[in-house]
Amino acid sequence: MIYYVVDGSEDCFYTAVFDAYRQKDAIITSESNLQTELESRIVEVTADAEKAERVRKKLRQLDGGAENDIHLALRSCDPLRENTAFGYIRLIIEKGGPVRKMLAHPVVLEMSDITGKVTGELHKLKGFLRFMENAQGVLYAPFSPDNDITDLIAPHFAERFKNQRFVIHDVRRKIAALYDGEQIILTSVDSAEIYLSEYEKYFEDLWKQYYKSVNIASRPHEKQMKGYMPVRYWKFLPEKQR
Amino acid sequence: MLDARRLEILTESAKYDVSCSSSGSKRVNAKGGLGNASVGGICHSFTPDGRCISLLKILMSNDCLYDCEYCPNRRSADVPRASITPDEICELTINFYKRNYIEGLFLSSAVFSSPDRTMEALCETVVKLRKIYNFNGYIHLKGIPYADDALIMRAAKYVDRMSFNIELPSEKSLKLLAPQKTRDSLILPMKKLSAAREYDKQNKIRSGKVIPAGQTTQMIIGASPESDGQILRLTEALYRKMGLKRVYYSSYIPVVESPKLPTVGAGLLREHRLYQADWLIRFYGFDVDELCGEGDNLDADCDPKCAWAMRNMQLFPVEVNTAPLEMLLRVPGIGARGAYRIINARKYTALDFDNLAKMRIIIKRAKHFITCKGKFYGSESRGAIKAALMLDNRAENAEQLSMFSSPDVAVSAITGEI
Ligand code: SF4
């Protein structure tokens, strides 16, 4: 086995695809998910823009939507994401066109599964993300998604808020999307200190009151609530705090 | 400033309205504005009763002139009364929206002073929210029966969705339980709105469309004696003749004591079966006549699709690799998503049971109705199939009760519901 270890950037991944493509027993993986056996070779891949572009170009010729599929798959928290995406590229090249609908093929099914989980979480968190307003009127939302979706979720809010500034902070990955009313910048942020607006508590309390009043207490269905709104997301929901 | 107590009264009074969905509108944000609408709808939280919170659902006032028997806000009820001003509503909506607590506003009201006065105040609020507060998020507005058409039409230009709730499925029950309302006072404005939508469509009007997300309505189930068959016939007409987006069913909860009302609630199973049948009518190509006789109720033991299949065993089994989409959709255990997956996948390779299992087809149910490459693994005897399906259904029921809260989102992409 030859393990191509990538650094998490897309360019690096596509470079690895370029290098590994002709090897029969190649596996592409990120450092943190690397599990080698004896007898295996490890290649540390450094991103090479030219190689990456050649792979991308080939893909674009064969399937206009493939790059986006891969963009999503690489955000997944699935440890095999790089290798699944690699298998997907191989299959596209082998078949000479889109393979998205060949759901009887294990690689396609796996791809559809992991990208589905990424877009699923993205959609859920568009609802569950919570902003608080600081004293300068900037909105701040801490969260901790399973998949690496900070830059995927930010445009949704930029579109909504137009000239309202905001910060979306993945506290576990320590990255944040900053929006200044015009553009989104992705940056690493360790921890943030927030001075809340004087109205913050007032509206938060009204929201908690609303949450309590709108519930029909005579018809409890906790299990369904938790099914739709998994407990791991509660940490950042004011309505679920005491 | 709005205090928690008033918010509590006005929310408590609004919460039995089940239409929570925020889907179906693509309103875009304008420069300097706040908010847009997402076509699929977004759920922002879930309450311990398992329902989704998408919109800030609130009454402008709960001080009602009318005396609908089932309503906690009716005139003769002894309950605390409260109201909220248009500006207070706007402030609250904007601030909840900014914090991403909600997707928009669902505004309704009891009829205070007069239908016109009430509709005017509702209208003023939504116009303000759009024009002064520059809010471009989702707004669902409840229509007030007997209000002037001009007011209703004006409001319709500013909101995404409107609803007049039918509440009771027959004129007779309306007379008994909501004596001030008539069928016409509810149906006529619905017809006008539907005609206005049709006009926009015919004339290809793009901006400033009336209620881009259409109309919905709600019926209370089990407060009056109508059968499922009657209810579903009304439903079918509302979808096919009036182009409604959704009909919601709310199983009766006895919040009010009255000799004219049952003392026990209708239970969630009946509501659940109605939603399943509703689904089959909208997305699976079923006619109500296939599902339920006029005076009958839906089968409690198994879902309406299974029940239909059991009555039509002569049509099965069908070969998965060749059956048309319309037929796949009718196979118990194959949902809309599954049927489309099959149609796509079989273009490339002939499918066997293993493939189907991986595509999340419920094999233990479907196997009695399909063959894969000619192979059949189901049971031959009707009795055995029925027993197996009912057992399966029972487990399912416990899981899926009160599907009414499920977000439209999950299926919308596949079923084309917009
Ligand atoms: S009109 Fe009837 S249902 Fe509506 S608030 Fe008044 S009493 Fe209640």
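Visitor: How far apart are the centres of domain 1 and domain 2 of chain A?

Guide: Taken over C-alpha atoms, the centres of domain 1 of chain A and domain 2 of chain A are separated by 32 Å. Keep in mind that this is a predicted model, where local features need pLDDT of at least 70, side-chain atom pairs count only at pLDDT 80 or more, and totals for chains, interfaces and linings use all residues. Residues are numbered from 1 along each chain as its sequence is written, chains are lettered from A in the order in which they are written, and side-chain values use heavy atoms, with hydrogens and water left out.

Visitor: And which residues go in which domain of chain A?

Guide: Domain 1 of chain A is 2-120 and domain 2 of chain A is 129-240; the bounds come from an automatic or database domain assignment.

Visitor: How much area is buried between domain 1 of chain A and domain 2 of chain A?

Guide: About 520 Å², with carbon and sulfur atoms giving 50%. Buried area here is the accessible area (1.4 Å probe) that two parts lose on being put together, summed over both. In domain 1 of chain A, the residues that lose the most area to domain 2 of chain A are A:R75, A:C77 and A:V118, together 78% of what that side buries.

Visitor: Which side chain does A:R75 meet in a salt bridge?

Guide: That of A:D151, at 2.7 Å from N to O. A salt bridge means a side-chain nitrogen of Lys or Arg within 4 Å of a carboxyl oxygen of Asp or Glu. The count between domain 1 of chain A and domain 2 of chain A is 1 salt bridge.

Visitor: OK, over to the two chains. How many residues are in contact between chain A and chain B?

Guide: 51 residues of chain A touch 65 residues of chain B, contact meaning heavy atoms within 4.5 Å. The area buried between chain A and chain B is about 5100 Å², and carbon and sulfur atoms give 58% of that. A:R160, A:Y210 and A:R219 supply 16% of the area that chain A buries against chain B, more than any other three residues.

Visitor: How many salt bridges between chain A and chain B?

Guide: There are 4 salt bridges between chain A and chain B. One is formed by A:R160 with B:E103, where the closest N and O atoms are 2.4 Å apart.

Visitor: Which element gives the most to the side of chain A that touches chain B?

Guide: α7(A), with 11 residues. Helices (H or I, at least four residues) and strands (E, at least two) are DSSP runs, numbered from the N terminus.

Visitor: What about phi of A:K162?

Guide: Phi of A:K162 is near 45°, positive in a residue other than glycine. The loop between α6 and β6 (166-170) of chain A holds A:K162.

Visitor: And what is phi of B:N134 near?

Guide: Near 50°, a positive value too in a residue other than glycine. B:N134 is in the loop between α3 (115-131) and β5 (138-142) of chain B.

Visitor: Last one: how are the domains of chain B laid out?

Guide: Chain B has domain 1 (4-290) and domain 2 (301-415). Their centres, over C-alpha atoms, are 34 Å apart.
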